[in-house]
Amino acid sequence: LIMKNNSMKILGVNEAWGELGIVSHQLRFTERIEVEHIGPVQALTSSLHTLLSQKLGTTQVQVVSEYQLSVADSVVINIQDDNDDPGKNILLSWTHQDEALGSKLLEIIKANFKK
Amino acid sequence: GDTEPHARLPTCYPYGNLNVDELVQRLAQAGLADARVDDSKEGLVITLANDDVVIQINEFATHIISANSSLREKLRDILLECLGSF
């Protein structure tokens with residue numbers, strides 16, 4: 001809801017930025033979680049996919065590639081092979097707007113995978 | 001339970017330009033005195049080597065990369081203090 005020139009209107013957040021003449025500043029977070037996982041990266045991606053689908057519902061979790069998942073079209077998860085096997089890194093990336101989902105995923109992943 | 005729908009509403013909408021000098025000052029006040037600021041192709045990069053944190057900053061966005069949840073939350077709060085928000 002914004003008030004301008006003595007009138008009120010209801011706009012989406014992105015439209016409101018333009019109306020008010022201010023530039024939004026996006027905050028993005030990437031948190032690295034070191035995990036111990038024996039086997040190829042694809043196997044970790046797959047087990048992460050299974051876990052998150054169970055927790056959030058299958059429609060929420062998409063497989064983007066062998067190394068990447070996305071959740072609810074907003075949070076991105078990258079899986080990296082650490083050179084020091086069996087070490088791997090899960091990189092969880094979300095914006096401030098998705099803080100609730102991002103920190104929930106962080107908790108789930110840490111509880112199940114953190115070494 | 002695990003299947004409840006997650007909240008999607010953000011707590012606030014940050015806006016405006018980030019004053020990097022102010023940010024570095026506030027980091028130091030918070031005990032993070034080793035901030036190194038470098039220019040990069042995309043903007044500025046602040047490195048907190050002792051804490052394994054990288055903060056990438058440009059005109060429209062700031063990206064905090066870390067491996068420590070409580071530190072990330074602290075950095076987020078410091079950043080929000082340096083930006084306008086509603």
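A salt bridge is defined here as a side-chain nitrogen of Lys or Arg within 4 Å of a carboxyl oxygen of Asp or Glu. The structure is a predicted model, in which local features need pLDDT of at least 70 and side-chain atom pairs count only at pLDDT 80 or more, while totals for chains, interfaces and linings use all residues. Residues are numbered from 1 along each chain as its sequence is written, chains are lettered from A in the order in which they are written, and side-chain values use heavy atoms, with hydrogens and water left out.

Four salt bridges are counted between chain A and chain B. One of them joins the side chains of Glu99(A) and Arg76(B), at 3.0 Å from N to O.

Contact (heavy atoms within 4.5 Å) involves 29 residues of chain A and 33 residues of chain B. The buried area, meaning the accessible area (1.4 Å probe) that two parts lose on being put together, summed over both, is about 2800 Å², and carbon and sulfur atoms give 53% of it. On the side of chain A, His25(A), His96(A) and Gln97(A) lose the most area to chain B, together 24% of what that side buries.

Strand pairing also links the chains. Strands are DSSP runs (E, at least two residues), numbered from the N terminus, and two strands pair if DSSP finds at least two bridges between them. By this rule, β3(A) runs parallel to β5(B), residues 61-66, with six bridges between the two strands. Within this pairing, Phe29(A) stands opposite Ile64(B) of β5(B).

Terms used. Helices (H or I, at least four residues) and strands (E, at least two) are DSSP runs, numbered from the N terminus.
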